[in-house]
Amino acid sequence: MHPNLTYQLQRFFGTTDLSQITQDPNMRRFLEDVEVTYEEKDQDQSMIALLLQERLNSEQALKREKSEQGALIHKLEEAHNQLLQSEKMASIGSLAAGVAHEINNPIGFVASNLGSLSSYLEDLFTVIDSYSQELTALKPNSQSAQLAKELDLTYLKDDTHILLGECMDGIQRVKRIVQDLKDFSHVDHGEWIVTNIHQGLDSTLNIVNNEIKYKATVEKRYGQIPDIVCIGSQLNQVFMNLLVNAAHAIVNQGKITVETGVVGQEVFVKISDTGSGIKPENLNRIFDPFFTTKPVGKGTGLGLSLSYGIVKRHNGRIAVESELGKGSTFTVWLPITHSKDAEENKQIGVKLPQSA
């Protein structure tokens, strides 16, 4: 007998023993008909429950699919934005390399001509000294001797050497900037090669010097690190973004510290500033595409996102810690060797590892 029917009969007759009641043939047939009704009701309820469950499962599957599509769209947008930024940097790199090449040619012959001019002037001053000595011995009060004294020929000779030296020093500085510009762009070296991180940092510091020199002094704390296998031009972009951001974070005068070292099979580049710092609620968003705390028109919000992607492709990671009003520290960790079969890329950390 159906459990619900049994329960209702027991309540109606006030007894749990229904054997005497069910002995009556008429009552038994009546109860059988009622039981059929209860079973049909159970089947209807089961069907409704099944349909509801199917509906619920369909809705959950639809939500999962929508969530997966949203995540895929987000990844595609991020990849698209990073591709655009990479192409932009590649175009800038090509332009920089072309400009550097064009500057290098005239700088080369100016430097060569200054070297020749210095040699010629040395010979010319030797002849003038010889004439001056003979003229002074023969005619000490001649007009030429008096003119040499008035013009202070000795001072002119010494100052000419100083001026030529300053010109040569200026030419050498321009040549260094041009070389740094070529090293920074590396448009034809987008491949994994053994790279000196310190040279990349020095080149990048020279390139962004105009962004930094009015805001901060730079302190280098280079450690003894080995050369690593990487794409040097891409890491230079990372260093440039971090250095420019550090300069922008400093309101008046401050200090930017660049520190390097090695821990185990990884090298690290730590860039610290004494700027305004990052709000705690923004720490987990700073690597999101288009997220920026800079004023409108000041930044695109792609610098750190692109940097994170580059470091991740190098099987490295970026750690950041910041204190509002005191400054921030970004640490780039990179493996010394590159392996295509490396483990899954490490995730971003917010706290700097104690080993650093």
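**Figure 1. The largest nonpolar core.** The largest nonpolar core of this predicted model has 39 residues, and Ile256 and Phe330 have the most contacts inside it. Here a nonpolar core is a set of buried Ala, Val, Leu, Ile, Met, Phe, Trp, Tyr and Cys residues joined through side-chain atoms within 4.5 Å. Buried means under 20% relative accessible area, exposed over 50%, and partly exposed in between, with a 1.4 Å probe and protein chains only. Two or more residues each come from helix 6 (197–207), strand 3 (228–230), helix 8 (232–249), strand 4 (254–263), strand 5 (266–273), helix 9 (303–313), strand 6 (317–323) and strand 7 (327–335). Helices (H or I, at least four residues) and strands (E, at least two) are DSSP runs, numbered from the N terminus. Helix 8 gives the largest share of this core, nine residues. Apart from this core lies another, of seven residues, including Leu121, Phe125, Leu164 and Ile171. As background, nonpolar side chains tend to be buried together in soluble globular proteins.

A word on reading these views: residues are numbered from 1 along each chain as its sequence is written, and side-chain values use heavy atoms, with hydrogens and water left out. Because this is a predicted model, local features need pLDDT of at least 70 and side-chain atom pairs count only at pLDDT 80 or more, while totals for chains, interfaces and linings use all residues.

**Figure 2. The surroundings of Phe330.** Contact means heavy atoms within 4.5 Å. Leaving aside neighbours within four places in sequence, Phe330 touches Leu242, Val269, Lys270, Ile271, Ile278, Ile286, Phe287, Leu304, Ile318, Ala319 and Val320. For the protein overall, 74% of the contacts with a separation of 6 or more are between residues 24 or more positions apart.

**Figure 3. Strand 4 and its two partners.** Two strands pair if DSSP finds at least two bridges between them. Strand 2 (residues 216–221) pairs with strand 4 in the parallel sense, over six bridges. One place to look is Thr217, whose bridge partner in strand 4 is Lys255. Strand 4 also runs antiparallel to strand 5, joined by eight bridges. Val263 has Glu266 of strand 5 as its bridge partner. Strand 4 and strand 5 form a hairpin with two residues between them, and Gly264 in the turn has a positive phi of about 65°.

**Figure 4. Strand 7 between its neighbours in pairing.** Strand 7 runs antiparallel to strand 5, with seven bridges, and antiparallel to strand 6, also with seven bridges. Ser272 stands opposite Thr329 in strand 7, whereas Arg317 has Trp333 as its bridge partner. Strand 6 and strand 7 form a hairpin with three residues between them; in the turn, Gly325 has a positive phi of about 85°. Nine of the nine residues of strand 7 are buried, so this strand is largely enclosed by the rest of the structure. Gly327, Thr329, Thr331, Trp333 and Pro335 point one way from the strand, while Ser328, Phe330, Val332 and Leu334 point the other way.

**Figure 5. The aromatic pair.** Look here for the one aromatic pair that the structure holds. The ring centres of Phe268 and Trp333 are 5.2 Å apart and their planes meet at 45°, so the pair is tilted. The pair links distant parts of the chain, with Phe268 in strand 5 and Trp333 in strand 7, 65 residues apart. Rings of Phe, Tyr and Trp (its six-membered ring) pair if their centres lie within 6.5 Å; planes under 30 degrees apart count as stacked, over 60 as edge-to-face and the rest as tilted. Both Phe268 and Trp333 are buried.

Figure 6. Helix 8 has 18 residues and reaches 26 Å from its first C-alpha to its last, close to the 26 Å expected at 1.5 Å a residue. That expected span is 1.5 Å times one less than the number of residues. Helix 8 is mostly covered, with 15 of its 18 residues buried. Nine of the eleven residues of helix 9 are buried, so helix 9 is largely enclosed by the rest of the structure. Among the buried residues of helix 9 are Leu304, Tyr308 and Ile310.

**Figure 7. Asn315 in its loop.** Asn315 lies in the loop between helix 9 and strand 6. Asn315 is not a glycine, yet has a positive phi of about 60°. Most residues other than glycine have a negative phi. At 17% relative accessibility, Asn315 counts as buried.
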